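Please read it beside the sequence and the structure.

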Amino acid sequence: MFQSTRPQSLNLSLFFLFQISWVRRRDWHILTSGLFTYTNDARFQVLHGEGADDWTLQIKYVQKRDNGTYECQVSTGTGIMSHFVNLHIVIPEAFILGNAEHHVDPGSVINLVCIIEKSPQPPQYVFWYHNDRMINYDNVRGGITVQTEPGPKTQSRLLIQDASDKDEGNYTCTASNTDAASISVFVSEGDKMAAISRRKSSAGSSAMDVMLWFIIMPLVSLAIR
């Protein structure tokens with residue numbers, strides 16, 4: 001009986017002799033001391049097995065604000081020893097290649113490529129949405145293919161065969177570890193798009209002519225005087 005309790009007494013005396021604390025340096029907040037946690041943020045806790053030498057600070061669901069330096073303090077009878085850990089939070093980013101609008105002709109292929117970068121690990125999944133409907137496994141419309149290549153820069157390609165006006169709308173690429181990226185797709189014949197472009201260009205030129213007219217007229221008036 002005495003032998004079974006002796007190691008516990010030894011561990012207990014060492015616990016009081018060497019007090020381990022984790023401190024967040026940006027605000028000098030003592031997060032943990034020993035086995036106790038001194039923060040209302042439930043994401044923080046210390047992990048320590050009985051008789052082990054490791055005192056691990058665990059942060060669940062890390063956020064950008066957790067970025068910074070953390071100090072492990074070991075309090076002894078002669079002073080404090082410190083070890084510093086710099087935590088750098090990497091926030092993955094997703095974007096769809098091309099402009100905010102994608103125009104295709106009826107009957108052609110809609111080809112969209114989503115890139116997920118700055119991710120320590122590839123995302124667990126990449127889903128594509130047409131408006132609010134997930135289309136990765138769409139068997140109703142048919143002709144839809146999603147090809148995802150995980151890596152340092154994960155690439156997910158959405159292919160939609162035989163495009164029609166029903167395929168118009170907002171397309172969103174959603175990965176497990178980043179914010180979504182979106183693009184607007186329009187299906188219309190090339191000559192119609194050219195006509196729209198010409199109308200926009202003509203409207204812009206007319207507005208510029210009016211502005212120049214108002215600028216030139218006062219100058220002409222001054223010259224006559």
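## Surface patch and model basis

Ile-30 is partly exposed because its relative accessibility is 44%, where buried means under 20% relative accessible area, exposed over 50%, and partly exposed in between (1.4 Å probe, protein chains only). Ile-30 sits in strand E2, residues 29–33. Together with Phe-36 and Tyr-38, Ile-30 makes up a nonpolar surface patch with about 340 Å² of accessible area. Patches are made of residues with over 30% relative accessible area and no salt bridge, with like charges joined within 9 Å and nonpolar side chains (Val, Leu, Ile, Met, Phe, Trp, Tyr) within 5 Å. A salt bridge is a side-chain nitrogen of Lys or Arg within 4 Å of a carboxyl oxygen of Asp or Glu. Accessible areas come from the Shrake-Rupley method with a 1.4 Å probe, and for residues only the protein chains shown count as cover.

The model is predicted: local features need pLDDT of at least 70 and side-chain atom pairs count only at pLDDT 80 or more, while totals for chains, interfaces and linings use all residues. Residues are numbered from 1 along each chain as its sequence is written, and side-chain values use heavy atoms, with hydrogens and water left out.

## Overall figures

The protein has two helices and 16 strands; helices (H or I, at least four residues) and strands (E, at least two) are DSSP runs numbered from the N terminus. Of its 225 residues, 28% count as buried. The accessible surface is about 15300 Å², and carbon and sulfur atoms account for 56% of that. Contact means heavy atoms within 4.5 Å. Among contacts between residues at least 6 apart in sequence, 52% join residues at least 24 apart.

## Nonpolar cores

A nonpolar core is a set of buried Ala, Val, Leu, Ile, Met, Phe, Trp, Tyr and Cys residues joined through side-chain atoms within 4.5 Å. The largest one has 21 residues, and those with the most contacts inside it are Ile-110, Leu-112, Trp-128, Leu-158 and Tyr-171. Strands E8, E10, E11, E14, E15 and E16 each supply at least two residues of this core. Another core, of 11 residues, lies apart from it and includes Ile-20, Trp-22, Ile-59 and Cys-72. In soluble globular proteins, nonpolar side chains tend to be buried together.

## Disulfide

The structure contains one disulfide, defined as a pair of cysteine sulfur atoms within 2.5 Å. Cys-114 and Cys-173 form it, with their sulfur atoms 2.1 Å apart. Because Cys-114 lies in strand E10 and Cys-173 in strand E15, the pair ties together parts that are 59 residues apart in sequence. The torsion about the S-S bond is about -80°, so the disulfide is left-handed.

| Residue | Relative accessibility | Class |
|---|---|---|
| Cys-114 | 0% | buried |
| Cys-173 | 0% | buried |
| Cys-72 | 13% | buried |

Phe-95 belongs to strand E8, residues 93–96, and is partly exposed, with a relative accessible area of 31%. Thr-174 is 79 residues from Phe-95 in sequence, yet their C-alpha atoms are 9.8 Å apart.

Glu-117 is in strand E10 and counts as buried because its relative accessibility is 16%. With neighbours within four places left aside, Glu-117 is in contact with Pro-92, Glu-93, Phe-95, Pro-152 and Lys-153.
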